Amino acid sequence: MSKFNKNELVMHVRDGLCKIVDISKISDNDYYVLVCVSTEEKLYVPINNADQVIRKIMSEAEAYDYLNKLKEITKEFNLNTKQRRDAYRRKLSSGTIDDYFFLYRQYYLLKFKNEGEHLGPIDNEMLLKAHRMVLEEMVIVFNKTEDEIEEFLVNIIEA
């Protein structure tokens, strides 16, 4: 039947951490009914294309695999603002963990290891969204507070 279950936490490509609160039929189509954890917004995801919109929370082993790769991601700063923002948008809308971790790392490098690069408000907004998505998922995976996860990630990057 369905890949996801009622009361399961999932990651939504646009809205981040969500809880499936129901599975319902609307106009002959089956939908997952989700509630976004951060905004409490209700979302309806058609079951037949749910894989394009939501995914299961990664396992602890998967999380460690991504965290081990985190330090290898180098800073990429395109001086062409339009190209940089288009690239950030594509990565943010892809919904892939790889892209979120890439943007999380860019956020860290541009915030703490800035060598004169200038981020505009739109750049900041997109990088912060990826940062939020990574933190939300890591909080669930490792059962820690957001502050503990933030410190944990920084320690991995700085090690």
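Predicted model: local features only at pLDDT ≥ 70, side-chain atom pairs only at ≥ 80, totals over all residues.
A residue is termed buried here when its relative accessible area is under 20% and exposed when the value is over 50%, with partly exposed covering the range in between. By this criterion C18 is buried, because its relative accessibility is 0%.

The model holds zero disulfides. C18 takes part in no such bond, and the nearest cysteine sulfur, that of C36, lies 4.5 Å away. A disulfide would require the two sulfur atoms to be within 2.5 Å; the sulfur of C36, at 4.5 Å from its closest counterpart in C18, is therefore too far for a bond. C36 has a relative accessible area of 1% and so is likewise assigned to the buried class, as C18 is at 0%.

The strands are arranged in an open sheet of five members, in the order β4-β3-β2-β1-β5, and the pairing is antiparallel. The edge positions are held by β4 (42-46) and β5 (54-56); each has a single partner strand, so that one side of each remains without a neighbour in the sheet. Averaged over the sheet, and with direction ignored, neighbouring strands are turned by 45° against each other. In general, the strands of a sheet pair through backbone hydrogen bonds, in either a parallel or an antiparallel manner.

The individual pairings can be followed along the sheet. Strand β1 (residues 9-12) pairs with β2 in the antiparallel sense over four bridges, and within this pair H12 stands opposite G16 of β2. Three residues separate β1 from β2 in the hairpin that the two strands form.

Most residues other than glycine have a negative phi. The hairpin of β2 and β3 has two residues between its strands, and in this hairpin S27 adopts a positive phi near 50°. D28 also has a positive phi, near 65°, although the residue is not glycine. With a relative accessible area of 69%, N143 is exposed.

Helix α5 (residues 146-158) packs against helix α1 (residues 60-70) at an angle of about 50°, with the two axes 8 Å apart. The relation of α1 to α5 is therefore classed as oblique. On the α1 side the contact involves Y64, L67 and L70, which meet F152, L153, I156 and I157 of α5. The composition of this contact is seven nonpolar residues, no polar and no charged.

Helix α5 also meets helix α3 (residues 97-112); the axes of these helices come within 12 Å and cross at roughly 80°. The two helices are therefore roughly perpendicular to each other. Y104, R105 and Y108 of α3 make this contact with E150, L153, V154, I157 and E158 of α5. The residues of the α3 and α5 contact divide into five nonpolar, no polar and three charged. L153 and I157 of α5 are listed in the contact with α1 and also in that with α3.

Another residue of helix α5 is E148. E148 has a relative accessible area of 42% and therefore counts as partly exposed. In sequence, E148 and L135 are 13 residues apart, and in space their C-alpha atoms are 9.9 Å apart.

Conventions. Residues numbered from 1 in each chain as written. Heavy atoms only, no water. Pairing = 2+ DSSP bridges. Axes fitted to C-alpha atoms, helices over the stretch in contact; angles between N-to-C directions. Buried < 20%, exposed > 50% of the residue type's maximum accessible area, 1.4 Å probe, protein only. Parallel < 35°, antiparallel > 145°, perpendicular 65-115°, else oblique. Contact = heavy atoms within 4.5 Å. Nonpolar A, V, L, I, M, F, W, Y, C, P; charged D, E, K, R; others polar.
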